[in-house]
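I opened this entry to record what I looked up in the structure.

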Amino acid sequence: MATVALKFYSTSIGKKVVMAITGLTLAGFLLVHALGNLQLLWGPARLNAYAAKLQSMGPLVWAFRLTLLAAVALHAFSAVLLWLQNRASRPVRYQVQQYRETSYAARTMIWGGPIIALFVIYHLLHFTTGHAHGTFVKGDVYANVTVGFRVWWIAILYIVANMMVAFHLYHGMWSWLQTLGANHPKYNHWRQIFAAAFAGVVGGINIFLPLVVLLGIRK
Ligand code: HEM
């Protein structure tokens, strides 16, 4: 069984399937995370109660974190292997870069990933452990987020990072359906609409939140 799985993983489609499954797991988390964070608009009581409820799930929280970590590791590892495999199969670099076939989002995937990873490390130090936050109060998620986003360059950093997340999600949502077989002229239009809607909702919420705090709409 393990040999069959490894043999499948050694093919390029095997790695793409792993990227699709792990990417979907992470995208699902991002959607739930964005919808949860939207409760900032309802004020401190609601957001902090939501965060406390999640924390009260005990060992489940760690099971969930380990699943996310494994998904990130497998996603990144498979991306690097695929990138190396593609480079090896095209030893002479094109003299003139041909950009027509791939969209902007597709071309930015390989360096977008590491930048998003750097953002996530900063984000965890900022809002989860508080090491990168001047006045972090454990459990007071509302205060941590609003005080954080009131610093203009932090809000801008989040907005730019979340634009990259949205691009990444757009291409990812488009790609996993292709990997799993939905690549037909009849469906491609719907695939594009679905990918844009998903990336638009997650990216839209994540860009909207720092903006409402920065503009003083949420204090
Ligand atoms: C404006 C956008 C975002 C806001 C306001 C936000 C807010 C937060 C907050 C307040 C926490 C700590 C929750 C707590 O300790 O109870 C958190 C945790 C986290 N966020 Fe975000 N987040 C945003 C975007 C993102 C993005 C784009 C990603 C990933 C690419 C992300 C990944 C995570 C992860 C992995 C955790 C740790 C979850 C855990 O403790 O298990 N967040 N976020």
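**Entry on the model.** I note that this is a predicted model.

**Entry on the ligand shell.** I looked up which residues come nearest to the ligand. Of the 20 residues around the ligand, these are Asn37, Ala51, Phe127, Asn206 and Leu209. I then listed the elements that contribute two or more residues to the shell: α2 (12-37), α4 (59-88), α6 (109-128), α7 (141-150), α8 (152-179) and α9 (185-214). I recorded that α6 provides the largest share, six residues. By class, I found 13 nonpolar, six polar and one charged residues in the shell around the ligand.

**Entry on α2 and α8.** I looked up the axes of α2 and α8, which come within 9 Å and cross at roughly 135 degrees. The two helices are therefore oblique to each other. I noted that the crossing of α2 past α8 is left-handed. On the α2 side, I listed Lys16, Val17, Ala20, Gly23, Leu24, Ala27 and Leu30, which meet Leu169, Gly172, Met173, Trp176 and Thr179 of α8. I classed the residues in the contact of α2 with α8 as eight nonpolar, three polar and one charged.

**Entry on α8 and α9.** I next asked at what angle α8 and α9 pack. The angle is about 170 degrees, and the axes lie 8 Å apart. Angles over 145 degrees count as roughly antiparallel, and α8 is therefore roughly antiparallel to α9. For the contact of α8 with α9, I recorded 23 nonpolar, four polar and one charged residues.

Note on methods: Residues numbered from 1 in each chain as written. Predicted model: local features only at pLDDT ≥ 70, side-chain atom pairs only at ≥ 80, totals over all residues. Near = placed C-beta within 6 Å. Helix = DSSP H or I, 4+ residues; strand = E, 2+ residues; numbered from the N terminus. Nonpolar A, V, L, I, M, F, W, Y, C, P; charged D, E, K, R; others polar. Axes fitted to C-alpha atoms, helices over the stretch in contact; angles between N-to-C directions. Parallel < 35°, antiparallel > 145°, perpendicular 65-115°, else oblique. Left-handed = near helix turned anticlockwise from the far one by under 90°. Contact = placed C-beta atoms within 7 Å.
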